[in-house]
Amino acid sequence: MRFLVQIMVIIIVGFTIELFLPWWSIAIAAFAGGLLVNTRSNFIAGFLAIGLLWVGKALISDLSTDSDLADRVAEIFMLHDKAVLLLVLFLVSGLVGGLAAMSGGALRKEPSER
């Protein structure tokens with residue numbers, strides 16, 4: 001249960017803080033989520049939360065506009081498909097979130113059992 005709470009805290013804080021700060025502010029949100037709601041799965045929680053947040057924002061942006069920007073970016077990176085671009089986006093943002101959440105959790109002596 002704390003794992004899901006940690007994911008939700010990171011998503012909410014990340015979405016809110018990203019409205020005012022640059023892209024790297026997701027690391028601040030994941031760090032805070034790892035520090036405040038410390039579990040044994042800090043990396044996985046940060047990875048999933050930030051990865052899902054960014055893929056969700058990218059999908060909403062892509063589906064709500066009529067542009068082919070995602071296809072063009074996929075061509076620039078030679079990925080051949082928008083779905084592969086979203087997978088790469090998930091992995092890169094997830095690594096940032098996972099490492100930041102793990103760093104925040106490392107400041108605590110021991111993770112909670114529950």
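Helix 3 and helix 5 cross in a right-handed sense in this predicted model. Two packed helices are described by the angle between their axes and the distance between the axes. Here the axes of helix 3 and helix 5 come within 6 Å, and they cross at roughly 145°. The contact of helix 3 with helix 5 is made up of 17 nonpolar, eight polar and two charged residues.

Let us step back to the whole chain. The protein has five helices and zero strands, so its elements, read from the N terminus, run α-α-α-α-α. Along the principal axes, the C-alpha atoms fill a box of roughly 45 × 25 × 25 Å. Of the 114 residues in the protein, 35% are buried.

Now for the empty space. Rolling a probe the size of a water molecule over the atoms shows where such space is left. The largest pocket holds about 310 Å³ of space. It is lined by 15 residues, and those closest to its centre are A58, A70, V73, L85 and L89. Which helices each supply at least two residues of this lining? They are helix 3 (42-64), helix 4 (69-76) and helix 5 (82-106). Helix 5 gives the largest share, with six residues.

| Contact of helix 3 with helix 5 | 17 residues | eight residues | two residues |

Finally, have a look at the loop between helix 2 (25-36) and helix 3, where T39 lies. Is T39 buried or exposed? T39 counts as buried because its relative accessibility is 7%, and the cut-off for buried is under 20%. The side chain of T39 is also joined to that of Q6, through a polar contact of 2.7 Å.

S41 lies in the loop between helix 2 and helix 3 as well. With a relative accessible area of 28%, S41 is partly exposed, because that class takes in values between the 20% limit for buried and the 50% limit for exposed. How far is S41 from F15 in space, C-alpha to C-alpha? The two are 21 Å apart in space, and 26 residues apart in sequence.

Conventions. Residues are numbered from 1 along each chain as its sequence is written. This is a predicted model: local features need pLDDT of at least 70, side-chain atom pairs count only at pLDDT 80 or more; totals for chains, interfaces and linings use all residues. Side-chain values use heavy atoms; hydrogens and water are left out. On a 1 Å grid over the protein atoms alone, a cavity is a set of points where a 1.4 Å probe fits but cannot get out, and a pocket is an open set with protein on both sides within 12 Å along at least five of seven lines; lining residues have an atom within 4 Å of a point. Grid points are joined across faces, edges and corners, and a volume is the space filled by probe spheres set on the points. Helices (H or I, at least four residues) and strands (E, at least two) are DSSP runs, numbered from the N terminus. Axes are lines fitted to C-alpha atoms, for helices over the stretch in contact, and angles run from 0 to 180 degrees between N-to-C directions. A crossing is left-handed if the near helix is turned anticlockwise from the far one by less than a right angle, and right-handed if clockwise. Ala, Val, Leu, Ile, Met, Phe, Trp, Tyr, Cys and Pro count as nonpolar, Asp, Glu, Lys and Arg as charged, and the others, Gly among them, as polar. Buried means under 20% relative accessible area, exposed over 50%, partly exposed in between (1.4 Å probe, protein chains only). A polar contact is a pair of N or O atoms within 3.5 Å; within protein, one must be able to donate a hydrogen and the other to accept it, and residues adjacent in sequence count only if both atoms are side-chain atoms.
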